[in-house]
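Reader: I would like to learn how to read a structure one feature at a time. Please give me the general idea first and then the case.

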Amino acid sequence: MATTTDGFLTSSDGTRLFFRRHVAAAPSARILVIHGFAEHSGRYLELLDALADAGFDALAFDLRGHGRSEGRRAHLRRFEDYLDDTRAAFAALTAGSDGTALVFGHSMGGLIATHFAASEPKRCRALALSGPMFARALAVNPLKLLAAHVLGRLLPIFSMPSGITGAHLTSDPAEIALHDADPLVLRQARAGWFIALESAMAAAPAAVARLTMPLYLMHGEADPLTAFDASRALFPSAPSVDKTFVPLPGMRHETLHEVGRETVRANLVAWLAAHAELSARANA
């Protein structure tokens, strides 16, 4: 039977990050789960349970400024701060082991996971991405875009409505209601965050081109937030020999909360479990 724990870990600058950990009775592999912008680790409980049932020691954490973690809400000085948070969570997960694990990231978490994996190819055994934020699909008013760039440099903590609602994420009315009523979901974005993410997205092609580990990328074709076409275009440039691209027709941004999510989740966990086993054999 799996056990669940939660608590706090500390990033390199002292920021306390909330985490949840679901561990199989006799785990055979470890995996880090990275959430997207404006959400939190609590939206991945079903995935964490499924991963534990498949034999994983699975850890999800709240990025700084999100969920129950410390930090100004929706603010970011530099993208590297998110990578520092990820390194701290990865270190906590792999402490006392061989220092390796699989990584899963959704949306902004997928962008973070891509940059992290590209910088740690020997420690990231396999990488799975869901609707990664390689490019925006949501149109931004040119004046708002200009204002964000100016304010990002002059007043980075300036807050703007994110405009994201549950209907962008899923077509399931129950899931939409859960998202829109969640007090931990952020409703704003800050100008500094916007500038930092623009830079990280611009660097995504170079990061993808350094991915050598097994790669699984799934993306809803009806995603209104992150560009499906960007995922499809960048995927072939990853040098990974073992890679799988999964287009999901009719699905919006959060395929793990969409109608038909049970199949999406089962296929994802099956791929992760298979590649955890392959990696274990290779390292035996």
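Author: Begin with the names of elements. Helices (H or I, at least four residues) and strands (E, at least two) are DSSP runs, numbered from the N terminus. Residues are numbered from 1 along each chain as its sequence is written. This is a predicted model, in which local features need pLDDT of at least 70, side-chain atom pairs count only at pLDDT 80 or more, and totals for chains, interfaces and linings use all residues, while side-chain values use heavy atoms, with hydrogens and water left out.

Reader: Which helices each supply at least two residues of the lining of the second largest pocket?

Author: First, the term. On a 1 Å grid over the protein atoms alone, a cavity is a set of points where a 1.4 Å probe fits but cannot get out, whereas a pocket is an open set with protein on both sides within 12 Å along at least five of seven lines; lining residues have an atom within 4 Å of a point. In this model, α1 (45-53) and α6 (173-181) each supply at least two residues of that lining. Helix α1 gives the most, with three residues.

Reader: What volume does the second largest pocket have, and which residues are the closest to its centre?

Author: Grid points are joined across faces, edges and corners, and a volume is the space filled by probe spheres set on the points. The second largest pocket has a volume of about 250 Å³. It is lined by 13 residues, and the closest to its centre are G42, R43, E46, E175 and H257. For residue classes, Ala, Val, Leu, Ile, Met, Phe, Trp, Tyr, Cys and Pro count as nonpolar, Asp, Glu, Lys and Arg as charged, and the others, Gly among them, as polar. The lining divides into five nonpolar, three polar and five charged residues.

Reader: Now the strands. Are the faces of β5 covered or open?

Author: In a regular strand the side chains alternate between the two faces of the sheet. A residue is buried under 20% relative accessible area, exposed over 50% and partly exposed in between (1.4 Å probe, protein chains only). In β5 (residues 101-106), six of six residues are buried. A101, V103 and G105 lie on one side, with L102, F104 and H106 on the other, so both faces of β5 are covered. Strand β3 (residues 29-34) is also covered on both faces, with A29, I31 and V33 on one side and R30, L32 and I34 on the other.

Reader: Which strands does β5 pair with?

Author: Two strands pair if DSSP finds at least two bridges between them. Four bridges join β3 to β5, and the two run parallel. Within that pair, L32 stands opposite V103, and I34 stands opposite G105. Five bridges join β5 to β6 (residues 124-130), again in parallel, and V103 stands opposite L127 there. The chain goes from β5 through helix α3 (residues 108-119) to β6 in a right-handed β-α-β crossover. Right-handed is judged with the strands pointing away from the viewer: the path from the first strand over the helix to the second runs clockwise.

Reader: Where is A38 found, and is A38 buried or exposed?

Author: A38 is found in the loop between β3 and α1. Its phi is positive, about 75°, although A38 is not a glycine. A38 counts as buried because its relative accessibility is 5%. S107, in the loop between β5 and α3, has a positive phi of about 55° and is not a glycine either. S107 is buried, with a relative accessible area of 6%.
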